[in-house]
Amino acid sequence: MRMRTFSRRSWLGLAGALAIPGWSPASGAQSLRRAAVANGRRFLQYDVFTDRPLTGNQLAVFLDTEGLTADVMAVMTRETNFSEATFVFPAERPGTDIRLRIFGRGGEMPFAGHPVIGSTFALADDGVITAGTRAFTFGLNVGPTLVELEWTGDRLAFAWMTQQPPVFGATLPDPARVAAAYGLPADVVYPNLPVQEVNCGSAFFMLALKTRAAVDQAAVDPRALAEVFETAKVTRRGVFMFSPEAGTDGATVYSRMIGAQEDPATGSASGPLGCYLVRYGLVPLDKAATIVSAQGVKMNRPSRVHIRVDAEAPDRITRVRVGGTSVLVGEGRLRAS
């Protein structure tokens, strides 16, 4: 049977007919059906640590979670193809307002930064957090986590997440070799600063570089980096690289987090970053409450992560907060069975 073809004019005529009130397809023609997801789980999609759509770090926040198992949540997270997704449940312990479970591509996570900030905005937009609320406590696998909120009228404008006090851990003895694992020459490493592990809930090694150009040029060799940790007999962690070189964006540091995939904004590493900057004098104490990390620029997902460090002295840090904003970019339903 020969299939009937339509000219451009025919298609325009059909479109015009569809716009005429009372017109319906001829008898026997197939009617149009709107697609629907049966038994879909509702979610909101945010870009986090940004106020502009299609920038920052992506997050799916699932609000319809009753009966979901950990295995199903892990599969749903992989289906989104985002680095993380969150699942909102009623509070499970006194002193918390909500139970939030965070999943990445590799499974459930005890703690992460942009999922907490993005979920705060989702709960505010959905009315779970009422306008004007000043503080909200999430129950995470790492424990209760306080978020402080700033409002413009009835809209959430900014959220500050309190992270755990810093723990300064192991150092990698040869910074030049760490740089070499990223294809960088030794002379781009910032002098007299250790490549050190810092943990404010999640552990990262901090690598300071002289210039923003050096940060942009980094390309990891996974095998070479693994050998660095093996030789040093140090537990492997993510390496967060940054430069304090000034730029036109006004950020305190310019940063990247390069792993198996690059991360546009790493809130869990930003608290440790702020503590490192204060500990080693890259940021003076009177500027420790106004640190800004520009991340994700190289991968065309620019983010601005704000960091507040309270400290009595560079080696006496008393409080760490990471903050930012988020923008709603999508919503929908995802079928899980």
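Contact is taken here to mean heavy atoms within 4.5 Å. The structure is a predicted model, in which local features need pLDDT of at least 70 and side-chain atom pairs count only at pLDDT 80 or more, while totals for chains, interfaces and linings use all residues. Residues are numbered from 1 along each chain as its sequence is written, and side-chain values use heavy atoms, with hydrogens and water left out.

The protein chain holds seven helices and 18 strands; these elements are DSSP runs numbered from the N terminus, with helices (H or I) of at least four residues and strands (E) of at least two. Its C-alpha trace spans about 80 × 50 × 40 Å along the principal axes. Of the 337 residues, 47% count as buried, where buried denotes under 20% relative accessible area, exposed over 50%, and partly exposed the range in between (1.4 Å probe, protein chains only). Among contacts in the protein chain with a separation of 6 or more, 63% are made by residues 24 or more positions apart.

Threonine 50 is located in the loop between strand E1 (40–48) and strand E2 (57–62). The residue is buried, with a relative accessible area of 8%. Beyond its neighbours within four places in sequence, threonine 50 is in contact with Thr55, Gly56, Pro302, Thr325, Ser326 and Val327. The side chains of threonine 50 and threonine 55 are also joined by a polar contact of 2.5 Å, the term denoting a pair of N or O atoms within 3.5 Å; within protein, one must be able to donate a hydrogen and the other to accept it, and residues adjacent in sequence count only if both atoms are side-chain atoms.

Proline 90 is exposed, at 61% relative accessibility. Its C-alpha atom is separated by 8.4 Å from that of leucine 100, 10 residues apart along the chain.

Helix H6 (residues 222–232) has Leu225, Ala226, Val228 and Phe229 as its buried residues. Seen down the axis of H6, these buried residues fall within an arc of 150 degrees, so they line one face of the helix; the arc is that of the directions from the helix axis to the C-beta atoms. An α-helix has 3.6 residues a turn, so residues three or four places apart point the same way. The buried residues of H6 pack against strand E9 (167–172), helix H4 (175–180), strand E11 (203–208) and strand E12 (238–243). On the other side of H6, Arg223, Glu230 and Thr231 are exposed. Lysine 233, which follows H6, has a positive phi, near 55 degrees.
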